[in-house]
Amino acid sequence: MGSALETGTPSFVDRFPQEASVVKAALTSSFIALFLGAVFGIIQGLHRTDVFRFLDSQYYYTVLTAHGVLMVVSFTIFFLVGIFTWAVVRSLDRPVEDIRYTWAWYGLMVVGTLMAVVAILGGFVPSTELSADVLYTFYAPLQAHPLFYGGLAIFIIGTWLAGADWFRSWYAWKQEHPDERIPLQTFMVLTTMLMWYIATIGIAIAVVGFLLPWSLGLIESVNPLLTRTLFWFWGHPVVYFWLMPAYLLWYTVLPSVSGGRLFSDPLARVVFVLFLLLSTPVGIHHQYVDPGIAEGFKLIAMTNTMFLLLPSLLTAFTVVASMEHGARQRGGTGLFGWLRALPWRNPAFTGMALAGLMFAAGGFSGMINAGMNINYLIHNTLWVPGHFHLTVGTAVALTFMAATYWLWPQLTNKPLFSRPIALTQTVVWFVGMALMSNAMHVMGLFGVPRRTAEPQYEGFEFVASFGSITELRMQLALGATLLFISTVLFVSNIALSTGSPTRTGLGQPLPKPLSPAADSPEVLDNLKLWFGIAMVLVVLAYMLPLASIVGDSGIIDRGVSAAPMMIESASGLNPVTAVTEAVSRLSVAIVGVVP
């Protein structure tokens, strides 16, 4: 942080101390979820590879649920609300309208998280009624304790109120600056939240309208296909809800860390508008194997999904161009020689750059997931978690950690405890994820299933075209171990930074883009227009499929009861037989057939 100490620029906490406290609290909550999720992750990784077993297989799905919910809901969204609060306050250059309101929505998110986590952890205590072994994809027929669904509902309400907080700040700023364009970071936050408000319609209906009353015993059964479709109505755009903070950081912080400026403000705005329009009408591509949805609807979802390649390609061009500008400002020359001039010893830059590289790999595997015919090859195999560990597990998570190294000193006025440890941590994460994700992708091509506690089914052998399944399992276990080590390094580095001496002048201003907002048409800032178009596209994409589902089997599919939430240790079954029976019953329930 030597160069930052010499600038004498006021830090964020110097200018907005109350808002900095909220941002720190949100990021701290995020890091707690990250650490706990990593603990469950290493248990899971070592268990299914049969390297070491901390728990009996009956608890595997409790571990799997805790890992998924903590990582892809709590860690990501707590970080999002923290970074979005910072971005809005910084870019508008004004405090929030009411700090008590800000603390209120944060408190709701904490309460909701604790409720859901308590319900999940109850699965470790068979003597209690608490259980939520429903995995991250918590649609019917798996049923959780009402505390889990109630916690989810409160958590989502907290995010809605957070978005309202940011819109209030923008509206107040607009009254004072009626003729100015929306600052870029605020524009990114507002468009992301509009997408979130649309996407959460599905999950709110599923949880509050069906799953919570079902778990309370107010209704006897639910329509599994309907709740599954409503889940994926939310389940795919939530991926972009995680990703948009990373995009915000790539567009606004990464160019500065590279030593240059953002290449194009207008292109950045176009990308966020495209994500608002295209993120939600594509969820059915997660349901290619569902027999209750017509093939024509799936084909439409596949086509819509392919359009999402456009904003990703625009982002690759803009961010790389911005990095190249920074490198050439630092003296880089030649067609590729400028790459050597980038600040690779800066953990903030290296982490975000490696995250972007891994995201490109995740994009290629995502194209496989999006194609109908080829998706059948890898559906419900280890390929799928291999893909989303590249996206949310690296593009998002590694960007968040790297950006923390840049932002945390500005929130605390305390220099980072160790930059060498931070740099090592980012590289270890990249290597660990490369190993684990590669193993998952290859094993998925061989048909190795996901969501199973046992590494091998009885009477069945997986034959690899190169190496062996044992080697791939060891690669997966080694990768998971490196990821856990990297998480410990990150959390420890941030925690130890609290003991660093307080310093002043740690602020890091963000330079203006090479091509400013004035170079783009003002219609890009018409949020009402884009929100309206996004709603129309969602209605067109989902009106007929939902009508077909309800018409075929009704809103409540009578006769379908809850599937088991855990493997009872007293059942007398060995783990393999128990898993096979649970999968069989789940498969029957999903297609709506009474056993």
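## A look around a predicted model

Threonine 381 sits in the loop between helix H15 (372–378) and helix H16 (383–412); helices here are DSSP runs of H or I with at least four residues, numbered from the N terminus. Threonine 381 is buried, at 5% relative accessible area (buried means under 20%, exposed over 50%, partly exposed in between, with a 1.4 Å probe and protein chains only). Leaving out residues up to four places away in sequence, threonine 381 touches Gly444, Gly447, Val448, Pro449 and Arg450, where contact means heavy atoms within 4.5 Å.

A word on the ground rules: this is a predicted model, where local features need pLDDT of at least 70, side-chain atom pairs count only at pLDDT 80 or more, and totals for chains, interfaces and linings use all residues. Residues are numbered from 1 along each chain as its sequence is written, and side-chain values use heavy atoms, with hydrogens and water left out.

Now for the salt bridges (a side-chain nitrogen of Lys or Arg within 4 Å of a carboxyl oxygen of Asp or Glu). The count comes to 12, and the table shows some, including these:

| Pair | N to O distance |
|---|---|
| Aspartate 50 and arginine 53 | 3.2 Å |
| Arginine 94 and glutamate 97 | 3.3 Å |
| Aspartate 525 and arginine 181 | 2.8 Å |

Aspartate 525 is in the loop between H18 and H19 and arginine 181 in the loop between helix H6 (146–176) and helix H7 (184–216), so this pair ties together parts 344 residues apart in sequence. Aspartate 525 is buried at 14% relative accessibility, and arginine 181 is buried at 19%.

Notes
Helix = DSSP H or I, 4+ residues; strand = E, 2+ residues; numbered from the N terminus.
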